[in-house]
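Trainee: Please take me through this model one feature at a time. I would like the general idea, then the case at hand.

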Amino acid sequence: EMKVNIDGRLDWLWNLMDDDTRFWVSSMISEGREVEDARRVFADSKAKLKVMPIAVTHDGLQSYHEAFQREFYRNRNPKVIEVRSVSLRERGLNNRMERLNQTFRDRNKTQRGLDSRRTAQTMADGVRVAYNFIRPHAALDGKTPAEAAGLSVNSEGNRWEELIRRSVSSRLPVKE
């Protein structure tokens, strides 16, 4: 989670990413850092994933621990491991997540600010789409996280245009 300035107040952006593919699964804006806020991002991620994660790594915030217990152990699923990675000094495992947060900060710092939680969420979703589908990563041998995760977008031409075309065509009503 990271602080974001929304109309002069600091709210929170929660992010969840797959460590192997660097695919940014979920981004959610909240007013606080409570258990229910952490739980919302876990539930959103679970709804988007086809398979349960092997482990969930976080920075040690107590809200994560309680949310993890409630969300992943609700159905008595002890196969998902919780890894509390507290700091870099202790060889923390959340370096990739911190780098992802910096990617969002780099985009957000050029803006004058976000005026509502709704626009902040829209902006976070847009940055997530660009991160996953548009921007190749050196650590992924020039692939995008989507390509590393097996989600293909035509890499010839304008990727944004292709994503927009697919989005629009998937929402058009089908006439019989």
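**Sheet, cores and ring pairs**

Mentor: The sheet comes first: an open one of three strands in the order 1-2-3, paired in the antiparallel sense. Strands (E, at least two residues) and helices (H or I, at least four) are DSSP runs, numbered from the N terminus, and two strands pair if DSSP finds at least two bridges between them. The model is predicted: local features need pLDDT of at least 70 and side-chain atom pairs count only at pLDDT 80 or more, while totals for chains, interfaces and linings use all residues. Residues are numbered from 1 along each chain as its sequence is written, and side-chain values use heavy atoms, with hydrogens and water left out.

Trainee: Which strands are the edge strands?

Mentor: In general, strands of a sheet pair through backbone hydrogen bonds, either parallel or antiparallel. Here strand 1 (2–6) and strand 3 are the edges, each pairing on one side only. On average, neighbouring strands are turned by 30° against each other, direction ignored; axes are lines fitted to C-alpha atoms, for helices over the stretch in contact, and angles run from 0 to 180 degrees between N-to-C directions.

Trainee: How many bridges join strand 1 and strand 2?

Mentor: Five bridges, in the antiparallel sense. Asparagine 5, for instance, has leucine 10 of strand 2 as its bridge partner.

Trainee: What packs on the sheet?

Mentor: Helix 4 (residues 117–134) does, touching strand 1, strand 2 and strand 3, and its direction makes about 165° with that of strand 3. Contact means heavy atoms within 4.5 Å. Glutamine 121 is a residue of helix 4; leaving aside neighbours within four places in sequence, glutamine 121 is in contact with Ser27, Met28 and Ile29. At 19% relative accessibility glutamine 121 counts as buried, where buried means under 20% relative accessible area, exposed over 50%, and partly exposed in between (1.4 Å probe, protein chains only).

Trainee: Which residues have the most contacts inside the largest nonpolar core?

Mentor: In soluble globular proteins, nonpolar side chains tend to be buried together. A nonpolar core is a set of buried Ala, Val, Leu, Ile, Met, Phe, Trp, Tyr and Cys residues joined through side-chain atoms within 4.5 Å. The largest here has 21 residues, and Trp14, Phe42, Val56, Tyr64, Phe68, Phe72 and Phe133 have the most contacts inside it. Strand 2 (9–17), strand 3 (24–30), helix 1 (35–48) and helix 2 (62–72) each supply at least two of its residues. Another core, of 16 residues, lies apart from it and includes Val4, Ile6, Leu114 and Tyr131.

Trainee: Which residues of helix 2 are buried?

Mentor: An α-helix has 3.6 residues a turn, so residues three or four places apart point the same way. In helix 2, Ser63, Tyr64, Ala67, Phe68, Glu71 and Phe72 are buried. They are on the same side of helix 2 because they cover an arc of only 130° around the axis, taken from the directions from the axis to the C-beta atoms.

Trainee: How many aromatic pairs does the structure hold?

Mentor: Four. Rings of Phe, Tyr and Trp (its six-membered ring) pair if their centres lie within 6.5 Å; planes under 30 degrees apart count as stacked, over 60 as edge-to-face and the rest as tilted. Tryptophan 14 and tyrosine 64 are edge-to-face, at 5.3 Å centre to centre and 85° between the planes. Ring pairs also link Trp14, Phe42 and Tyr64 into a cluster.
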